[in-house]
Amino acid sequence: MIKVSETAKQKVIQLMQEDGFNAATDYIRVGVKSGGCSGLSYDLKFDKTQQEGDKVFEDNGVKIIVDKKSFLYLIGTTLEYSGGLNGTGFVFNNPNANRTCGCGESFSL
């Protein structure tokens, strides 16, 4: 399961509306891909459809899709949004990550 903080929920809904998506029916797709300074990086985008093998969750009113491979890396992760002085953007609090880079966009297990 992937959790969504209240601040992330508000930002997701705002960005979905700006991009022509509907938070009530569409999804946020969360994934992991090779790359970044620590070996793996997070991938986040909006999607209207599920693919075969996708895991589907809903937390805090946000529908989330994760592909089967990425799910193994993301179990227990909380999606948060930071708007502070150190930068703005989505932050993945991933309990499975042993090491993260300084920017927080990549990790290793």
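**View 1. Strand β5 and its parallel neighbour β2.** Strand β2 (residues 27-34) and β5 run parallel and are joined by three bridges; strands here are DSSP E runs of at least two residues, helices are H or I runs of at least four, and both are numbered from the N terminus. Two strands count as paired if DSSP finds at least two bridges between them. The model is predicted: local features need pLDDT of at least 70, side-chain atom pairs count only at pLDDT 80 or more, and totals for chains, interfaces and linings use all residues. Residues are numbered from 1 along each chain as its sequence is written, and side-chain values use heavy atoms, with hydrogens and water left out. Four of the five residues of β5 (residues 62-66) are buried, so the strand is largely enclosed by the rest of the structure. Buried means under 20% relative accessible area, exposed means over 50%, and partly exposed lies in between (1.4 Å probe, protein chains only).

**View 2. The β4-β5 hairpin.** Strand β4 (residues 55-59) pairs with β5 in the antiparallel sense over five bridges. Two residues separate these strands in the hairpin, and N60 in the turn has a positive phi of about 55°. F57 stands opposite I64 of β5. Which residues does I64 touch, not counting those up to four places away in sequence? They are I2, V4, Y27, I28, V30, K55, V56 and F57, where contact means heavy atoms within 4.5 Å.

**View 3. Strand β2 against β3.** β2 and β3 run antiparallel and are joined by eight bridges. V30 has L44 as its bridge partner in β3. β2 is mostly covered, with six of its eight residues buried.

**View 4. The largest nonpolar core.** This core has 21 residues, of which I28, I64, V66 and L74 touch the most other members. The elements that give two or more residues to it are α1, β2, β3 (40-47), β5 and α2 (68-74). A nonpolar core is a set of buried Ala, Val, Leu, Ile, Met, Phe, Trp, Tyr and Cys residues joined through side-chain atoms within 4.5 Å.

View 5. Helix α1 (residues 6-18) has 13 residues and reaches 19 Å from its first C-alpha to its last, close to the 18 Å expected at 1.5 Å a residue. The expected span is 1.5 Å times one less than the number of residues. A8, K11, V12 and M16 are buried in α1. They cover an arc of only 130° around the axis, which puts them on the same side of α1; the arc is that of the directions from the helix axis to the C-beta atoms. On the other side of α1, Q17 and E18 are exposed. G20 follows α1 and has a positive phi, near 85°.

**View 6. The whole chain, for reference.** Two helices and nine strands make up the secondary structure of the chain, in the order β-α-β-β-β-β-α-β-β-β-β along the sequence. Of the 109 residues, 39% count as buried. Among contacts between residues at least 6 apart in sequence, 53% join residues at least 24 apart. The accessible surface comes to about 6,200 Å², of which 48% belongs to carbon and sulfur atoms; areas come from the Shrake-Rupley method with a 1.4 Å probe, and for residues only the protein chains shown count as cover.
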